[in-house]
Amino acid sequence: MRFAEHLSAHITPEWRSQYVKYDEMKDLLYTAKEQAPSVETSDQNVIQRYFSIFDEKLFQYCDRELHKINNFFAEKLAEAQRKFGDLRAELNTSQDLNLNKDGLRRRKFFPDKTTRMVRTHTRKLHDLKLAFSEFYLSLILLQNYQTLNFTGFRKILKKHDKLLDTDRGGDWRKANVDAAPFHTCKQVDDLIIETENIVTNELESGNRQKAMKRLRVPPLEQQIKPWVTFRLGLFLGAFVVMVMISIITIIVQPVDCSWKPALRMYRGVLLIILAVFFLGLNTYGWRSSGVNHVLIFEIDPRKHLSPQDLLEMAALLSCIWSFSVLCFLYSPLREYVPRYYHPLILLAILLIFLVNPTRTFHRSSRRWFFKVMLRIVTAPFHKVGFADFWLADQLNSLVSVFLDFQFLVCFYAVDFNWSSDSASTPCDERCNSYEYGIRSVVACLPAWFRFAQCLRRFHDTRRVFPHIANAGKYSTTFFVVIFRSLKGKFEAQYESDLENPFLYLWLLSAIVSTIYSYAWDVRMDWGLFDSSAGENRFLRDQLVYSSKGYYYFAMVEDLFLRFSWTITLSNLGGNSFLDNDILVAVTAAIEVFRRFIWNFFRLENEHLNNCGQFRAVRDISISPNKVNDIAVLERMMDEDEPLSINKKKKHKKNHLVMLDDSEPTLPPMLHDYPDDRPLV
């Protein structure tokens, strides 16, 4: 592998602008070599003067790069030292509290305030382990930063000497790079060793194997698993074959209205599988383009799903789905399992897959999913992170799944005759009607989740824009659902749909909601139409993806697909070329595809925000202990019976523990540069 490819594969994406510009310097070398005066037609002095001028400019360029790297390394090292001091202080504080675990067990069913404090400190020990593991990862990234930049300078200066047949590049490297602070500084290595010792001796009771497993650093480049690729191809091939058989069977068999319940029950599951498949493509695109989705979603970098894992999961579920459809179609030929039992069996398999308690089928990822879903459902009561509102946005593109699940519950609870394996009243539309208001409430749930999240973010930040404005965007969905429900409820009172006044209110609210959402997509979620875009007209100053055409295509595509709901207008007046359920399936699939494209640019925008802050690892916050809490716990350990702290006065000031009384100082290397030269 060439070094340029190695550098691109191993850099920390958020620090990309702070690495040595190896490719640019290599282009300078080859350009200078090509434009050099010919040996046959030019005097030797002219040639020497040409290369002397080029060397001067090249070494000035190298000096600027070296200064940039030294400054950035010094800044990150100072940040690491401050973080290490904070973690060490928190660890010392926790060790001073020899918690009474027996007392905790005695009162676990009826916890008082003291017991709750003990539990808080117990959870804090787990947070410390997680914080040390993330800190260790940041040190490894910084160490890798040192190695890659030194190798880059060495490679480019060696290439310089080889192309120009000189040794000036090697001399410059020895005089400048070899003595550069970023290369000679060994404090990162010392911090790595000290962190390993602390985690081993203090947090894992001397078990080094367990400590190093916790501190394990994930591979910097994407690993391709051949066996997973094989299974992915096998499952996709089987899915295609079974789908083709199902389509042929549907064409051949006589059709009546009894197919509608089956379509509604199978449609939602297929949309979920399609969303998972597109998410696998999203993750592949993010990783290929250097968008660090693992950091953005605050996922453990040691345990997360790769694009192959997501695609394999979607392919496996698609095989199970298509097999269930075949069983439903051919169940009249075999009387072992009644026809309408197959959708329930499919749903049971999916639920078992999700709640499976064993350490199989990506248990850590499923736990992460359930935690995020719980925060979404209880949105007003929790602080909202990026993963929370991102997943809630995905749910807004899966409204049909919510409605299909509501239909499935209603169908088996109200309309299904278990003894005859058929609907009690064939072609009955009770479960698909908005008359009782249940479907309206279900249709509003995804928008409500995001609406509540926006209100919570406003509560936390007190910023009217963008949070209240964003809440207004989701509130338009409520009007769309209300007017659509009223249109359906009173349509029997009018001879034609065009006479129904709620039709025009629904159309007006839908148009306003669509335009509002599209404007928010391109301006706020994607960060486009930036005034400082420069040459990237209508876009933004920084672009991650290689071609501007991707952005212009996405802007047009998002506008058209936002209006895909207008396809359903073809059924007005009873003149329809397709059944309404089929149109809903088509528009739902289009919306899932639109969200798939949206994801690329939404995470790119968030990634650029992280790049602006040079944030490369998760921030694990550990709340400091309160002074009175520590004192009470210490007295509690000295007493035979735990003391009550119900009457203790609460202190509002936090107890900040410092390693010493002095403020943190910058590394010595920062003082080597004049004050008028800004840090990067």
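# Notebook: cores, helices and salt bridges

**Entry 1. F132 and the cores**

I looked up F132 and found that, leaving aside its neighbours within four places in sequence, the residue is in contact with L87, R88, L91, T195, I198, V199, L203 and L215. Contact here means heavy atoms within 4.5 Å.

I record that this is a predicted model, in which local features need pLDDT of at least 70 and side-chain atom pairs count only at pLDDT 80 or more, while totals for chains, interfaces and linings use all residues. Residues are numbered from 1 along each chain as its sequence is written, and side-chain values use heavy atoms, with hydrogens and water left out.

I then asked which residues touch the most other members of the largest nonpolar core. They are F73, F132, Y145, F153 and F182, in a core of 57 residues. The elements giving two or more residues to this core are α1 (3-10), α2 (22-35), α3 (44-96), α5 (113-164), α6 (168-177) and α8 (187-203). Helix α5 gives the most, with 17 residues. I also noted a second, separate core of 39 residues, with V294, I376, W390 and Y545 among its members. A nonpolar core is a set of buried Ala, Val, Leu, Ile, Met, Phe, Trp, Tyr and Cys residues joined through side-chain atoms within 4.5 Å. Buried means under 20% relative accessible area, exposed over 50%, and partly exposed in between (1.4 Å probe, protein chains only).

**Entry 2. The chain as a whole**

I counted 23 helices and two strands in the chain; helices (H or I, at least four residues) and strands (E, at least two) are DSSP runs, numbered from the N terminus. Of the 680 residues in the chain, 46% are buried. Among contacts between residues at least 6 apart in sequence, 75% join residues at least 24 apart.

I checked the length of α8: its 17 residues reach 23 Å from first C-alpha to last, close to the 24 Å expected at 1.5 Å a residue. The expected span is 1.5 Å times one less than the number of residues. In α8 I found V188, L191, I192, T195, E196, I198, V199, T200 and L203 buried. Just after α8, S205 takes a positive phi of about 55 degrees.

Helix α17 (residues 399-415) also has 17 residues and reaches 23 Å, close to its expected 24 Å. Its buried residues include V401, L403, F407, L408, F411 and Y412.

**Entry 3. Y30**

I located Y30 in helix α2. Y30 counts as partly exposed because its relative accessibility is 37%. Leaving aside neighbours within four places in sequence, Y30 is in contact with K159 and L163. Y30 and L163 are 133 residues apart along the chain, with their C-alpha atoms separated by 8.3 Å.

**Entry 4. Backbone geometry**

I asked which peptide bond is cis, with omega near 15 degrees. The bond runs from F465 to P466, and P466 is found in helix α19 (residues 464-489).

D165 has a phi near 55 degrees, a positive value in a residue other than glycine. D165 lies in the loop between α5 and α6 and is exposed, because its relative accessible area is 70%.

**Entry 5. Salt bridges**

I took a salt bridge to be a side-chain nitrogen of Lys or Arg within 4 Å of a carboxyl oxygen of Asp or Glu. The count by this rule is 23.

D581 forms a salt bridge with R267, with the closest N and O atoms 3.9 Å apart. This pair links distant parts of the chain, 314 residues apart: D581 is in helix α22 (residues 580-613) and R267 in helix α11 (residues 259-289). Both D581 and R267 are buried.

R594 forms a salt bridge with E591, with the closest N and O atoms 2.8 Å apart. The two are separated by about one helical turn, because they are three residues apart in α22. R594 counts as buried at 0% relative accessibility, and E591 is buried at 16% relative accessible area. I also found D521, D558, R562, E591 and R594 linked in a network of salt bridges.

E606 forms a salt bridge with R602, with the closest N and O atoms 3.7 Å apart. Both lie in α22, four residues apart, about one turn of the helix.
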